[in-house]
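Hi there,

Here is the structure I promised to pass on to you. Please open it beside this email and follow along as you read.

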Amino acid sequence: MTAKPFCDGPFSILKGTNWIVGKDHHGDVCHVLDQRGWGYLTGKGQAALGLDTATASQMQADMQQWVADALNAAWEARK
């Protein structure tokens with residue numbers, strides 16, 4: 001038996017945030033993922049990458065889109 005997902009597609013990036021969202025069973029926004037890692041990308045510490053903000057922003061945007069696309073592909077395959 002497969003459990004019903006708490007959050008359904010289509011999935012997207014919530015504008016102005018680092019959130020990937022879908023729709024709950026009421027059709028409202030459902031928070032799926034909160035992308036983190038800004039400090040790792042832009043920090044200057046021993047393990048940080050020290051990237052400029054433009055590069056780090058683009059990397060995060062690319063990853064958000066990749067995640068949303070992957071979730072949507074899985075959602076479509078389950079239909």
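Below I go through what was found, from the overall layout to single residues.

First, some ground rules. This is a predicted model, in which local features need pLDDT of at least 70 and side-chain atom pairs count only at pLDDT 80 or more, while totals for chains, interfaces and linings use all residues. Residues are numbered from 1 along each chain as its sequence is written, and side-chain values use heavy atoms, with hydrogens and water left out.

The overall layout

The chain holds 2 helices and 3 strands, and from the N terminus on the order is β-β-β-α-α. Helices (H or I, at least four residues) and strands (E, at least two) are DSSP runs, numbered from the N terminus. The C-alpha trace spans about 45 × 25 × 15 Å along its principal axes. The radius of gyration is 15 Å, whereas a compact globule of 79 residues would have one near 12 Å; this value is taken over C-alpha atoms, and the globule rule is 2.2 Å times the number of residues to the power 0.38.

Of the 79 residues, 23% are buried. Here buried means under 20% relative accessible area, exposed means over 50%, and partly exposed lies in between (1.4 Å probe, protein chains only).

The strands

Two strands pair if DSSP finds at least two bridges between them. Strand 1 (residues 8–13) and strand 2 (residues 19–23) run antiparallel and are joined by 3 bridges.

Now turn to Gln-64, which sits in helix 2 (residues 53–78). Is Gln-64 buried or exposed? With a relative accessible area of 8%, Gln-64 counts as buried. Leaving aside residues up to four places away in sequence, Gln-64 touches Ile-13, Thr-17, Asn-18, Ile-20 and Gln-35; a contact means heavy atoms within 4.5 Å.

Further along helix 2 you will find Glu-76. Glu-76 is partly exposed, at a relative accessible area of 44%. The C-alpha atoms of Glu-76 and Gly-9 are separated by 8.3 Å, although these residues are 67 residues apart along the chain.

The salt bridge

How many salt bridges are there? The count comes to 1, where a salt bridge is a side-chain nitrogen of Lys or Arg within 4 Å of a carboxyl oxygen of Asp or Glu. The side chains of Asp-8 and Arg-78 form it, at 3.5 Å from N to O. This pair links distant parts of the chain, with Asp-8 in strand 1 and Arg-78 in helix 2, 70 residues apart. Asp-8 is partly exposed, with a relative accessible area of 30%, whereas Arg-78 is exposed, with 55%.

Enjoy looking around!

Best wishes
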